[in-house]
Structure formats: structure tokens, C-alpha cells
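Have the coordinates open while reading.

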Amino acid sequence: MSGFSLPVDDDEVTILGIISAIERSAALEFAEYLGHQFDALDQNEWFEDVRHYRKSLGQPFTYKHPADLRFIINEAVQEDSQIWHLIPNMNNAWSTAAHTLQGRLNSYHHGQLKPDLHSLLQMANLFVAITSSAGLAVADWGRALTTRVKDILSGAYEKCSPPSILAPAAPAEVTQKYDKTREELLKRPPLGSRWLGNKPGRKITLDRRTRDLYEDGISVADELGDIREGTVTTWLRYFPLGGEVWIAQDGAAMGYVKGVARMVGWFGPEPEGKSDSVRGFVVPKDFEFTGGDVKDLESGQFLSSSSEEPVGDLIEVLSQRLCPGDRFSITDYGDIFKPSTEGELKRVTRAHKGIWFEGQLPG
Amino acid sequence: MGNEESLFENLSISVGKCEVEFIQGTKTSLGKPTSQRQDASEQLAQLTTFRVTSSDELNLMVGLYVWEEAAPEVRPIELLAGLQKHNELKGRGGMSLIISQGQKWLVPLRVLKYNKTKGYFTLQGASEEELDSLIGQSFRDLMTELGAKAFGSREAIDQESNNKRNQLAMIVEPGNLEALAVAYAVTRAQAVILDFGLDVE
């Protein structure tokens, strides 16, 4: 295969377009590959056959045509599927990569896969992992992407303009979802993230020794009522030395952390704190609820031995809403959710950086 | 001043989150050197000033005092603006220089580091790696670029044999304001801005 588009920098629009294009190419090539395999078996109506088989088992089947990567992955990872047997070298590594890719594509279609080079690199590796064994040309594209992204990240790539092949645009519904996610981020970023917008006018001071908040020397912490202690704890989590904090009209609080203006909390209840919608970009990792702990499937680490603060309350909530063995994801807002290919994502619960794996959430 | 020519080419230098702006001209100042006792009499110094500003609203005037009868020093003159934590720079963090061999100046490279026990920043020894981590590049290379003549332990660069022999230091030509100002900005202002020591203790 030649003429596939590659990024020349970290332009988000290009990254989104490339992900869309490589997904489409992989789906088309897989469908063609499987078509040839089934032709050889005189099964020209193979897609309809799979539909009838799944329906006969009472399983959902919403796919319209075989060139749909969700369909191919869903079938390929099931051992009762013929597709499982038609893809060479099918093994656990393939299934794991396919599951992970499915999750990332799901985040992408919900506008919640962070559109950066690290995400693109991970996606490229996953595409290579699932398309190589069938000898699909798209695997070469994946390898070229991997090399290019690594070069850009290391500074080894020198941008030449304009790029020889322009990346196709991502589908409109995807870009609209990304616009919505970005709007949310621009409105108020996740705690610990860089502050966006102007510096607010109201200045108060957080004294870490007295755990009190002062405005012109007078304590204003009582304005917070019952959430006073929780608010101070949250602020100190992101702003450990305390000091000046500026409060916006909606209550968002900004403080300078290591020389950078950051969102450190809310003065008052957090807006939309009770909504179950999933906000922000998905952290590119997968987690499993074991029943009594959370496992990072990439590192194998357990949350109970990796977090700064006790996680008992979080585990308790998860045990009420998830089953042992369930996989889930988390966004940079700390929204935990179970990936789903159907409908809007629903938040299971929320975590913060103190009760999460170190370095995975902002702040 | 050894670096007068390059000073005029570089009216300000960015380092880390700090901007160091050099104020042209030298004036005479009457005062007491930090190194001398409280009851010592005042004396004259040639004062050259620079300003350190930062992304978190610091605006600090700092001076290089070349005393008539005492060792030179770099110390804050006035905190014009900043956050509460920048007050740490007002009372602490002066940089006493030592007249070394050949009349060159030896600059001990200690760093304002957060002391969890005391709850404030104190001047402490630092490794070269720690200095590099403050600016995300080689501090030694930066200082060499700015005219440092030697960089290393006091034993290695000044044949020091007492209990300070392992202390990191550099040697500069007398009056090399660029090197002194940037070293001050990194080891004092940048260290406080980054809450240096808070994460590692």
C-alpha cells in the first residue's frame, strides 16, 4: 500500500482524520479478506449467515454491512464464530489487542479519545497487532504511523510542508462530539489541569496550617457550610502549599501550582456534580474491577497499593455498581464508566487523583 | 564588568519560569554587608540591579552588592509583587560570594528547598541533577555559556579542604552579572516557584 496519510505534527484535526481513515481501511480490507475466505468455502452470503446465527442465539446484531470494524472484532473474538478460525494466528494477544482497540475506537466515536500523538501511536500499534496476521496492507500504514509518530515525539522528524498526502477529515458526527468535549473543557477543565481563560477577580487565601480560607484577613470558609472540610481537602490535594486562590463567578477556583495557573477546585458545590454524563477525554488505559480492588491491565498494578489515599470508599461504590471481572475506563475528570458500543456513556462513579493510580489523572 | 558587552546584547534572559531583566547602570549604595555583624558600621557598595519576574506574578528586584570592605553578595532589594510564597525570597536566599584565587569569585550553589519539618524554604545543598531538574536542561552548560570558568565541588574547583569541600559551586569573573543573576533566579526564585523539595521529602 502506498500513499497513506501520515501526520507532520500534533494537529488534532489531522490526527482525528487519520484515525477515521485507518479504521475505514482496516474494515474494508478485513471485509474483503473475509469475503475471499468465505468464497472459497462457497459461503457467499456469509454476513447474512452470521446475522441469522447471532439472532438465533438471541444476541443483539445491529450491523448493516461486513465492512464495520466493530462487527469484525466482535465476531473474531468469539470462539463459536467462523471468523475466529479464518484469521491466521488467532490467539489471546490478538483478542486483547482487539478488545483494547474496540474500546479506543468507542472513545473516539464518542469524541473522548484524546486527539494527541500518544493516542495515535497507541492506535497505530493496535491496528498493526490485529491486521498483520491476515497480511492486510493497512498493517504497513500502521507501521509507518508508528515510526512517524515516534519521530515527531522525539524531535527527529523535520516537518516539510505541505504534507504529500492530506489526511481525510473525520466524520461530521465525530467532530461534533469532539467540539462538545472541547466546549466542556474550555468551560471548566478537570481539577489539576491548566486554567483556561482570564484570572478571576475575587481573591482569597488558603492557609494550609489552619485549613481556613481568608478574604482580606477575614475567614470566609463558613460560606461553604457542610462542604467546608471537603473543599479545603480537595484544594490542598491539588495545591499542597496553599496560598492565593482566585474564584470565578461560577465558583471555579484557580491557583498557581509550580508557576502555572491551574484549576484547583470549586468554592461551593461543583456544578453538574450529580449528573451521570461522562465528561472529558478517556485516560488511554483499561481497568478491571476484581471484586475487592482495581487492576490496571497494562501495568498489572492494583489500586489499593498504588494510590496516595485509602480507596475503601471507592471500592465499596464500585462493588455496588460493577461485577467482578468487569472492565472499565476513566476520564481526566475522574469519571468512571463501562465502555459500551450502544448509546451514551453513563458515569458509574467518580475518582480523584488521590484515590487513583499515580500520574494518570491531572494534577 | 567582564561581560559588559554581552550584557547589553542580552537585556533579559529567560530561564525556566523566570525572566531575568538587567537594569543598566551601577550606583553607589550605603549599607551593611550580610556577612558582617549587626553592629558593624555601614560601608559603601557598588550596586548593580536586576529584576526577576515569573509566570506566577513574581516581581522581585535583586542587587549585586560589591562592598568596599567585605565579600560581594547578591541579595533581594524589594519584592514588588508576587504570591504569599514569594515572601520566602525576601528574608532568605541571599547569595554570599567568596573572593577566590586570582580575585575570581566563587559562587556556592545552594538551593531554596522546602523543608517539611519547618514548613518553609531553607537554603540547602543540591546535587547537579537537582539543579538540572529545576530548569529541564544542564545547569552546568547554561552557566558555562554565561561565562562560568569552573563548575563542580569546591574541592575540585577551589582546592577547598574543609567541611564545605563537597558543596557544589562555580567560579566566575568578578562582576559577571549574567551568570550570577541567572544562578540566583534558578536556585532561589525558580526553586520556590516549583515548590522544590515538596515532592521528594
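Which residues in helix α9 (residues 228-238) of chain A are buried? This is a predicted model, and the answer is read from it. The buried residues are Thr231(A), Val232(A), Trp235(A) and Tyr238(A). Viewed down the axis of α9(A), they fall within an arc of 135°, so they line one face of the helix. An α-helix has 3.6 residues a turn, so residues three or four places apart point the same way.

The other side of α9(A) carries Glu229(A) and Gly230(A), which are exposed. What do the buried residues of α9(A) pack against? Their partners in chain A are the strands β1 (202-207), β4 (243-247), β5 (252-257) and β6 (260-266).

## A helix pair

Two packed helices are described by the angle between their axes and the distance between the axes. Take helix α1 (residues 12-40) and helix α7 (residues 138-154), both of chain A. They pack at an angle of about 155°, and their axes are 9 Å apart. Angles over 145 degrees count as roughly antiparallel, so α1(A) is roughly antiparallel to α7(A).

Which residues meet in this pair? From α1(A) come Ile22(A), Ser25(A), Ala26(A) and Glu29(A). From α7(A) come Val138(A), Trp141(A) and Gly142(A). By class, the contact of α1(A) with α7(A) has four nonpolar, two polar and one charged residues.

Is Ser20(A) buried or exposed? Ser20(A) has 20 other C-beta atoms within 10 Å, so it is buried; the cut-off for buried is 20 or more. Set aside its neighbours within four places in sequence, and Ser20(A) is in contact with Pro168(A), Ala170(A), Pro171(A) and Val174(A).

Glu173(A) belongs to helix α8 (residues 172-187) of chain A. Glu173(A) has 10 C-beta neighbours inside 10 Å, so it counts as exposed. Glu173(A) and Asn92(A) are 81 residues apart along the chain. Their C-alpha atoms are separated by 33 Å.

## Loops with positive phi

Most residues other than glycine have a negative phi. Which way does the phi of Lys258(A) go, positive or negative? Lys258(A) has a positive phi of about 50°, although it is not a glycine. Lys258(A) is found in the loop between β5 and β6 of chain A. Both strands are among those that the buried residues of α9(A) pack against. Lys258(A) is partly exposed, with 16 other C-beta atoms within 10 Å.

In chain B, Glu57(B) has a positive phi of about 75° and is not a glycine either. Glu57(B) lies in the loop between β3 (43-54) and β4 (59-67) of chain B. Glu57(B) is partly exposed, with 15 other C-beta atoms within 10 Å.

## An exposed loop residue in chain B

Where does Thr117(B) lie? Thr117(B) is in the loop between β9 (110-115) and β10 (120-125) of chain B. With 7 other C-beta atoms within 10 Å, Thr117(B) is exposed. Thr117(B) and Leu47(B) are 70 residues apart in sequence. In space they are 36 Å apart, C-alpha to C-alpha.

## Chain A as a whole

Chain A has ten helices and eleven strands. Its C-alpha atoms fill a box of roughly 85 × 50 × 35 Å, taken along the principal axes. Of its 363 residues, 37% count as buried. Consider the contacts in chain A with a separation of 6 or more: residues 24 or more positions apart account for 66% of them.

The domain assignment gives chain A domain 1 (12-179), domain 2 (202-266) and domain 3 (287-355). How far apart are the centres of domain 1 and domain 2 of chain A? Taken over C-alpha atoms, 46 Å separate them.

## Where the chains touch

How many residues of chain A are in contact with chain B? Nine residues of chain A are in contact with eleven residues of chain B. On the chain A side, the residues divide into four nonpolar, three polar and two charged.

Notes: Residues numbered from 1 in each chain as written. Chains lettered and ligands numbered in written order. Predicted model: local features only at pLDDT ≥ 70, side-chain atom pairs only at ≥ 80, totals over all residues. Buried ≥ 20, exposed ≤ 12 C-beta atoms within 10 Å, placed from the backbone. Helix = DSSP H or I, 4+ residues; strand = E, 2+ residues; numbered from the N terminus. Arc of directions from axis to C-beta. Contact = placed C-beta atoms within 7 Å. Axes fitted to C-alpha atoms, helices over the stretch in contact; angles between N-to-C directions. Parallel < 35°, antiparallel > 145°, perpendicular 65-115°, else oblique. Nonpolar A, V, L, I, M, F, W, Y, C, P; charged D, E, K, R; others polar. Domains from an automatic or database assignment.
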